[in-house]
Structure formats: structure tokens, C-alpha cells
Amino acid sequence: MAEYEHILVKRDDATVTITMNRAARRNSLSEAHLAELLAAFEETAATDATGIVLAGAGPVFSAGHDFGDVAARDHDGVRRLLTLCTRLMRTMESVPQVVIARVHGLATAAGCQLVASCDLAVAAESAGFALPGGKGGWFCHTPAVPVARAIGRKRLMELALTGDVVDAATALEWGLVNRVVPDAELDSAVTDLLARATRGSRASKALGKQTLYAQLDRPEADAYAIAVEVMAAASQTPAAREGMAAFLEKRKPEWPA
């Protein structure tokens, strides 16, 4: 793995952990920080890893965009920054690995956007989530995009318009995270959920993830049209053939690479 200034990247067996490491800046997302996150996800996508954990060092997960960086930019400069951020979020969805957020402390604005853009999320009881632009001068337009798709319209409106922090239990009820656990159990809960989400054929799961994102938020007929074609084609892949053969022969499958 490459060396970075703003993040830490570590591989343990089939899992890569990407840790935002700007604790003094509350893991705020400057252009350089976003570029490193994007590079790390792209680098990991090309490996045989099966899972990616996105974490934050220090007291919070991420405070969102770095206003020191944003305030120094003109219109075009901010557009470039937001385009880079959007590219990161879309890359997190498109990588073949299962991406899980390990959330502690606050995840606000683009930090909340990161959580919503991960495939899965586990939060500590101490975590909080907010789109604070609603009570400030710069509304959380782009962070609201994936958050809306996770929690629905009315809950998004409350989060975005009030700017208030919601606690981990509320985030779980709303569907922003998958699990809430005591702080001391956060790492073990992340490891457990990721292990269950990555079992089976890596190739099959990568195609499945890609198809799920392709059909989400489309009309039902369009979603079925996509899913039928992909699932029919996938039935002929080595992974599918091996899975069905192992089931019929009552044996443990031997997954192809």
C-alpha cells in the first residue's frame, strides 16, 4: 500500500482498513484528504481484498468539509472540491469490496455522507450524526444525496432542515446504520458483520453489489429489467456453477478466484 499524509492504510488478511488521520482537524475533508481517500479506495479495488473498513482517528469520525479549504476557493474551486468528493462517494459504492463504516463520535455533513455511502455501518453508542448546514450558512446539498437514499424523505428533511445531531439509536431506527454497540465492542462488531458480509464468492458478491446500486431508486419495472439480465448472465459464471454444484452434491464449495 502507498504512503499517505492524511490517512492510514493497513491490510489484515483479506480486510483493508482505511483510517482518516487528521484528528487535530476532526478528520475534516480537505482536497488533499479527499484525494488520498480516493486513491486508497482505488488502490484497494485492484487487490484481492474482500472488505474495506473506513474509520477515523481521534475523538470524532469526521466533521465534514474543511472550511479552511472551502473558504479560500472561488465558485469553480468549490465545484472542483465537491466533484472530487462526489467521485470518492461513488467510488466507495463501485469498488468490488464490501465497505463498512466504523463510526465513533460525530459524523457530520460530508462525514455523515461518508457513512451513508458505505455499504454497511456500525456505530458506537457515543456516535452522533448531523447535516448541520441547515442551521448555518452553507446547506448540506451534496451530503443529503446518499443520506436521503438511506433514511427517506421526511427523516432527511428533519436532519437537513434542523441541522440537529441525532444519536446512534435514532440513526439505527432511521436506517442510517446497521448496528449500534457499546463503544468497547465497536471493533468486534465491525469485524463480525464484515466477516458475514464477505463470505462466499468474492466475484459473485462484487457483481451483486454493482447490480444492487444500479437498480436502487429506479422504477420497479426498470429494476427488474436490470436484475433479470444480470442474474441470468451470472448463472453461467464459475462462482454460480460451483455454488449450485456444491449445494446439489452436499459439499463445501471451492470458490474460484
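**Helix packing and cysteines**

Author: Helix α3 (residues 75–94) and helix α4 (residues 110–117) have axes that come within 9 Å and cross at roughly 20 degrees. Helices here are DSSP runs of H or I, at least four residues, numbered from the N terminus. Axes are lines fitted to C-alpha atoms over the stretch in contact, with angles from 0 to 180 degrees between N-to-C directions.

Reader: So what does that make α3 relative to α4, roughly parallel or roughly antiparallel?

Author: Roughly parallel, a label for angles under 35 degrees, while over 145 is roughly antiparallel.

Reader: Where does this model come from?

Author: This is a predicted model, where local features need pLDDT of at least 70, side-chain atom pairs count only at pLDDT 80 or more, and totals for chains, interfaces and linings use all residues. Residues are numbered from 1 along each chain as its sequence is written, and side-chain values use heavy atoms, leaving out hydrogens and water.

Reader: Which residues of α3 and α4 meet?

Author: From α3, C85, L88, M89, M92 and E93; from α4, A110, Q113, L114 and S117. Contact means heavy atoms within 4.5 Å.

Reader: Switching topic: how many disulfides?

Author: The count is 0, taking a disulfide as a pair of cysteine sulfur atoms within 2.5 Å. For C85, the nearest cysteine sulfur is that of C140, 11 Å away.

Reader: Is C112 buried or exposed?

Author: Buried, at a relative accessible area of 0%. C85 is buried too, at 1% relative accessibility; buried means under 20% relative accessible area, exposed over 50%, partly exposed in between (1.4 Å probe, protein chains only).

Conventions
Helices (H or I, at least four residues) and strands (E, at least two) are DSSP runs, numbered from the N terminus. Angles under 35 degrees count as roughly parallel, over 145 as roughly antiparallel, 65 to 115 as roughly perpendicular and the rest as oblique.
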